Amino acid sequence: MKRILVAEDNKLILETVALNLAREGYEVLKAMDGKECLKIVREKEIDLIITDIYMPNINGLEVISTLKEEQINIPVLVLSAAGAEDNVSKAFELGADDFMIKPFSLMELNFRVKKLLDKKN
Amino acid sequence: MTLRRITINKFKIVGVSLCILIFWTSFNVYGNQKYIIQIAASKTPLNINELAQKKSITGSIKEIKGNDWYRYYVGNFNSYNEASLYAKELVNKSELKNVFIRKIENVPEYNEKDKYNNLTEQSTDSITKIKINNSLQNEAMIGHKQESISTDTIVKDSTYYNNNQTKKISSENNSVSNLDDFEKNLSNYIPNFIKDIFNSYSKEKYNFRVILLFLLIVFLFILNVINVLLILIYSNQTQNSTDRYVLVHKNIYESALMSYVLGETNWEQTLKKLKKYNLPQNREILSSILLNFHENLRGVADQMVPEIFVKLGLHHDAIKEANSKHYYKKVAGIKKLTFLYPEGAMQIIPQLLNDPEDIVSAEAQTAFVRLNPENPFDFFNALTRPFTRWTQITAFYIFQLHRRNIPSFANYLDSQNTNVRNFSLRMIIFFQQLENIPEVLNMINCEVESTRFLAIKAINDLRLYNGKSLLKDKFQDETQKNKIEIIKAFSNIGDKEDFDFLKEIILSGNVSLTLEVCRSLYYMGSEGKEKLNQLNEEMNGELELFIAHISDPRN
């Protein structure tokens, strides 16, 4: 079973995305901030990270840059608020694999997740 | 909102407590009640100086006439205790055998120096007459006699003194005097009823009442501090319990709604999970969850979230809020309706576009732009309230974000609202709406300076060459700011035909305008630069500094 880590500070969205992915048959781990996200990545084997950009302690961009520094090769899908597209380009420069602008469709998210996991394999 | 209310209540209670304390302490209550010590009485008047010498009394002896008696007394005390202490001392130090303590009510103010009359220094043989309006009442006596004296008594006051003796006693009693003065000053701020209780108690127990008074004040202060602390603890507890309540219900509702949105449960099952959803605070939680869904999810959620909003009857609450008399409720209502019940919003928002409260009208204007993708600025024609810069930016942001159809902004240039006209001109410039040239040129004749400024800017930015002659015609009558903008425009739309016009401006001698003309000529191309140098030569190098300034890369 593929293991996906979702990092999002909005609890409602975190739970919704997690539940949605769990229904699709993935094992989902949850993190409420970047620090927790990095901790899980270092401790467990993760197949995909879905991260928000604006998070407390360590933001999504810093998470991606830390992963790159530590040479951890996990596909990253970035969730970004509308109007913050500049951050998306930064995320791509840092090594993100895909992005979605909020509000996003859960169905579209499932497609993108599947595509990224297939690409990894 | 609850937190705000609790905080306000905290301050109210603390404020009221402080007010009570201040009121209580500032209430002037010191009664006009004095105690004197009678040292002699006679049917015939006595010589005060002789009496003082005979009885070895230093200081001021006063005479009171009433009921065919002449009474002689010393002192003027605020309390019986003070008078009693002094009377004992007087009997010990003088030749007097008996003295009487009398209580006098409503006597005129005495000089403070008379209080301990043997401690003061006064001029020799000074006699003053004091008219006493009310009666003297016997209160008690050290000897054995009591009697009353009628009103309208004439009092003679004589001072007999011995400097050396006075100073000696004065230094001995100085500390007592200071303490009593302090007590008197302090008691000036205590209400009558408390003073009565205090007097009746302290008379029996204490000689130094000021200590008791001080302790009382300290006690009240501590009481007030405890009161404030209790209020803070209570309000914090209330807040914490409110937070816990919100958190618990939010988790329950989020879980229930999430399952419904993802199709895991049907509506009946969901409704069962939404316990106590009819309570106002719970309905508020539900609305915030639905707004959160709306802001972050689309697709299926786009349809389901407004559906849930209506099913729970939350749209009625939102309409009620939008019609509320409180501006913050109106804003919250508009927001909920805009995102979660657009049909209802469209009925209410037109009424709120010109709301007297700026924040409400701004929210309604933004909502209108959001809800009318085809004609987002149709409300301009009915707008009487300002279309603020902030709303303009928000509207523009929504407009851009959702990639709405761009209307022809020339349609709004004839609006009576200056904000609308200026916004339209900015949009014409931004979207390069060249089909609107005649309307833009017409704005040069507008009465409002800022509109004319934007029209000039539009001519410049849109390179409207056919507006050149109009700019030249209007130049002389324009304000300095607009004149500079016109000259700036010539750097883009000007050519050699305009050299004479620009030369005239230089010859007018205005430094700012000359600098701007030099800049325009400099950036007009090689012909312009050539003309600038030619003018400089004609003017014997007067433009040298201007040219140096413009050509400096730092500028």
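How many residues of chain A are in contact with how many residues of chain B? The answer opens point 2, after a word on the model.

1. **The model.** This is a predicted model, in which local features need pLDDT of at least 70, side-chain atom pairs count only at pLDDT 80 or more, and totals for chains, interfaces and linings use all residues. Residues are numbered from 1 along each chain as its sequence is written, while chains are lettered from A and ligands numbered from 1 in the order in which they are written.

2. **Where the chains meet.** In chain A, 16 residues are in contact with 12 residues of chain B (contact: C-beta atoms, placed from the backbone, within 7 Å). On the side of chain A that touches chain B, α1 (11-23), β6 (104-105) and α5 (106-120) each supply at least two residues. Helices here are DSSP runs of H or I with at least four residues, and strands are runs of E with at least two, numbered from the N terminus. The largest share, 7 residues, comes from α1(A). By class, this side of chain A has 8 nonpolar, 5 polar and 3 charged residues (nonpolar: Ala, Val, Leu, Ile, Met, Phe, Trp, Tyr, Cys and Pro; charged: Asp, Glu, Lys and Arg; polar: the others, Gly among them).

3. **A strand pair between chains.** Do look at β6(A), which pairs with strand β8 (residues 297-298) of chain B in the parallel sense over 2 bridges; pairing needs at least two DSSP bridges between the strands. Within it, A:Ser105 stands opposite B:Arg298.

4. **The sheet of chain A.** An open sheet of 5 strands runs in the order β2-β1-β3-β4-β5, with parallel pairing. The edges are β2 (27-31) and β5 (98-101), each with a single partner strand, so one side of each has no neighbour in the sheet. From one strand to the next the twist averages 20 degrees; axes are lines fitted to C-alpha atoms, for helices over the stretch in contact, and angles run from 0 to 180 degrees between N-to-C directions. Strand β1 (residues 3-7) pairs with β2(A) over 5 bridges, and A:Val6 stands opposite A:Lys30 there. Helix α2 (residues 34-43) of chain A packs on the sheet, touching β1, β2 and β3 (48-52), and its direction makes about 160 degrees with that of β1(A). Helix α3 (residues 60-69) of chain A also packs on the sheet, touching β1, β3 and β4 (76-80), at about 150 degrees to the direction of β3(A).

5. **Helices α11 and α12 of chain B.** The axes of α11 (residues 327-340) and α12(B) come within 8 Å and cross at roughly 140 degrees. That makes α11(B) oblique to α12(B) (under 35 degrees is roughly parallel, over 145 roughly antiparallel, 65 to 115 roughly perpendicular, the rest oblique). The contact includes B:Ile334 and B:Leu337 of α11(B) and B:Ile348 of α12(B).

6. **Helices α12 and α13 of chain B.** Here α12 (residues 342-352) and α13 (residues 358-371) pack at about 135 degrees, with axes 9 Å apart. This pair, too, is oblique. The contact has 10 nonpolar, 1 polar and no charged residues.

7. **A residue to check.** B:Ile459 lies in helix α17 (residues 449-461) of chain B. With 27 other C-beta atoms within 10 Å, B:Ile459 is buried (20 or more is buried, 12 or fewer exposed, in between partly exposed, with C-beta atoms placed from the backbone). Not counting residues up to four places away in sequence, B:Ile459 touches B:Leu464, B:Gly467, B:Leu471, B:Ala489 and B:Ile493.

Key:
Two residues are in contact if their C-beta atoms, placed from the backbone, lie within 7 Å.
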